[in-house]
Amino acid sequence: MQKLTVTSLLMLLFGSISSFSQQPIYLSSPDKNVTLKVQSDKNNAVSYSLTYKNKAILEPSLLGFQLNKPKIDLKNFSFISIDSTSVDETWKPVWGEMSNIRNNYKQLSLTLKENQSAVILKVVFRVFNEGLGFRYEFPTQDNFKHFIVGDELTQFNLAGNHKTFWIPGDYDTNEYLYNTTKLSEIDAVKAADKEPDIALKSVIGVNTIQCPLMMKTDDGIYINIHEAALINYPAMNLTLDKNTFTLTSHLVPDAVGNKAYLQTPFQTPWRTINVSDKATDILASKMILNLNEPSKITDVSWIKPQKFIGMWWEMHTGKANWDKASGKHGANTANVKTYIDFAALHGFDGVLVEGWNEGWEDWFGNWKENVFDFVTPYSDYDVNYLADYAKQKGLRLIMHHETSGSATNYERHFDKAFQFMKDHNMNTVKTGYVGRIIPRGEHHDSQWMVNHYQRVAEKTAENHIMLEAHEPVHPTGLHRTYPNWLANEAARGNEFNNAPNLALVPEHETILPFTRLMGGPMDYTPGFFHFQLNQFDSSRKTRVRTTLAKQLALYVTIYSPLQMAGDFPDNFNQHLDAFQFIKDVPVDWDDTKILEAEPADYITIARKQKGKDNWFIGAITDENSRNATISLDFLDNGAKYQAIIYKDSDNSDWQNNPESYKIEKVIVTKQSKLDLKLAKGGGCAISLMKL
């Protein structure tokens, strides 16, 4: 069988396209390790397959759509044209894990005609050294303009029963703990039933799981499936056929079961498959970012990564509450003023204030449309005074817009809400979508809500406001296109340490970078210094399953340009020597090195400070202690650095002695190696200051 390479594709354009069904097309990555194969069978169904270093990753996997209007299936095709190109370029992100990103791929574009309806559909494949991205394109064409998607038929036909790190497929939440099983052992309903602390669940079925999906084959190949550039389209879940280990796309529907309302020209999100025999390569990949469009914001001078403290954890631990009627209102003028003083003393950029506005007495669980107006403070919260006081101290208040799921209400208040922020010197907003979505029948991850999140990003950009969202759809790299969209939650964050039934477990942070963070930065809210959460209510049994040193390391391993110090000032004041690392660690970087990694076991990452020669290292482990030796060969030749090492003490572990740590200082060079001992549930944070 003849192998058609990129250089021979043009020859096919001048020959018989009908011969394609007997003659597959191959396209390899620039380094030749990843190979795509596209073929058509005797029934004119088009499939693709993927190999890595000659090992099967995806067996032939079908492509296509089922449309509800017009009522046709797009799965039997004739070939109209085939084209190819290659790209090798470098671009600079506004902020990020590195100052320069290489975008290097080979592209194959197929133009197809569905045999019965004559609908034209393009499929564009891009093969990178780290994997494959592909999407569908519906070009402008006669007699086909408006259409409704019933199902996307994309398959990922896996080559084996892989070890899988997964959470249940769900239309409304991604706040589950991760499960680690073989594909054949997945039971999403059973896993979801173990999660009573999640406020709203819409579980899809026993065999449906979420993206990003991380897997490892028996012969040590790592595979990650996700999507990039999710715009005007519902999020993708994956339904597993346990007989064949085939995953099929499952899009989030609307109230009547339709998936997407579209018109030509239209491009779907990219479907992405990262693959490597090194776990570190999965974390280092920038393929998803490269598949997103460049920034739509021309003037980005106002967009700044930042570090902040929040009037937030008090409500989760019982010291205070969001609503004023409770008699324990946390967001009062005097209390917030103490947070401003602490933030200013330690050089923070802002203070997040939750519960500042009227409406919290009846905000949750009632599917109520008009809860907040986003401009009316409680009577004990002097927003004018506090905004001015923060400005005098050299920082800003950070706005909190909880919508209680009422996206329609929020959109009606956009203009006055963002003007209110600007009038009070606020340039960053945290949005929230707790509860069922209004308009009723929509889900957090449906097409309507995906468009809503984009409208918020665009509207905040118009007003020079930076954005982070809680309870949103999973990120897909859109922070490249909208760099004011700094971060999202979209996973089980540190607030779940206070969950009464099933809180976080030590392995959770070693899985998140391989799953949720593949799509973009996370507001994980690290930085807890007190772990038994009964300070203000002795009946509470909840606790944080971590060591203090690990909490410091998370500032490096859980990437975000928007980093919060999660605990109270009083708890930080008990450990100001350790708090120094939180003060020192940057939120923007020139370079990143993934030193070692294994999902659900351990991660060690080094990052170089933006515009400076200092490096910072974070190392974390799961519930097991471990020893690691870290080479510093990424440091500059001939230079010396002072290494300040914040590590678990000899008798520390997350259960028995979590607040015990040591701080050591040594001089190191490029030739140095550091021996690290991580406690159970522990970690190590290191600052390397160039001398």
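Modeller: Buried means under 20% relative accessible area, exposed means over 50%, and partly exposed lies in between (1.4 Å probe, protein chains only). This is a predicted model, in which local features need pLDDT of at least 70 and side-chain atom pairs count only at pLDDT 80 or more, while totals for chains, interfaces and linings use all residues. Residues are numbered from 1 along each chain as its sequence is written, and side-chain values use heavy atoms, leaving out hydrogens and water.

Biologist: Is Phe308 buried or exposed?

Modeller: Phe308 has a relative accessible area of 1%, so this residue is buried. Phe308 belongs to strand 23 (residues 306–311). Strands (E, at least two residues) and helices (H or I, at least four) are DSSP runs, numbered from the N terminus.

Biologist: With which residues is Phe308 in contact?

Modeller: Contact means heavy atoms within 4.5 Å. Leaving aside neighbours within four places in sequence, Phe308 touches Phe348, Gly350, Leu352, Ile398, Glu468, Asp523, Leu562, Gln563, Met564 and Ala565. Lys37 is 271 residues from Phe308 in sequence, and 48 Å away in space, C-alpha to C-alpha.

Biologist: On to aromatic pairs. How many are found in the whole structure?

Modeller: Rings of Phe, Tyr and Trp (its six-membered ring) pair if their centres lie within 6.5 Å; planes under 30 degrees apart are stacked, over 60 edge-to-face, and the rest tilted. The search finds 38 aromatic pairs. Take Trp360 and Phe372: their ring centres are 5.1 Å apart and their planes stand at 55 degrees, so this pair is tilted. Both residues sit in the loop between strand 24 (350–353) and helix 7 (383–392), so the pair ties together parts 12 residues apart in sequence. Trp360 and Phe372 are both buried.

Biologist: Which residues form an edge-to-face pair?

Modeller: Phe536 and Phe568 do, at 5.5 Å centre to centre with 70 degrees between the planes. Phe536 is in the loop between helix 11 (508–511) and helix 12, and Phe568 in the loop between strand 29 (562–565) and helix 13 (569–573), so the pair ties together parts 32 residues apart in sequence. Phe536 counts as partly exposed, at 36% relative accessibility. Phe568 is buried, at 3% relative accessible area.

Biologist: Which residues do ring pairs link into a cluster?

Modeller: The cluster holds Trp322, Trp360, Trp363, Phe364, Phe372, Phe374, Tyr410, Phe414 and Phe418.

Biologist: Now the sheet. In what order do the strands run?

Modeller: Strands of a sheet pair through backbone hydrogen bonds, either parallel or antiparallel. Here 6 strands form an open sheet, ordered 30-31-32-37-34-35, with antiparallel pairing. Two strands pair if DSSP finds at least two bridges between them. Strand 30 (589–598) and strand 35 (661–668) are the edges; each has a single partner strand, so one side of each lacks a neighbour in the sheet. The twist averages 15 degrees from one strand to the next. Strand 32 (residues 615–621) and strand 37 (residues 683–690) pair over 6 bridges, in the antiparallel sense. Trp615 has Leu688 in strand 37 as its bridge partner.

Biologist: What does helix 12 touch on the sheet?

Modeller: Helix 12 packs against strand 31 (602–609), strand 32, strand 34 (641–648), strand 35 and strand 37. Helix 14 also packs on the sheet, touching strand 32, strand 34, strand 35 and strand 37.

Biologist: At what angle do the axes of helix 12 and helix 14 cross?

Modeller: Axes are lines fitted to C-alpha atoms, for helices over the stretch in contact, and angles run from 0 to 180 degrees between N-to-C directions. The axes of helix 12 (residues 548–557) and helix 14 (residues 576–584) come within 10 Å and cross at roughly 10 degrees. That makes the two helices roughly parallel (angles under 35 degrees; over 145 is roughly antiparallel, 65 to 115 roughly perpendicular, the rest oblique). Leu548, Leu552, Tyr555 and Val556 in helix 12 meet Ala578, Phe581 and Ile582 in helix 14.
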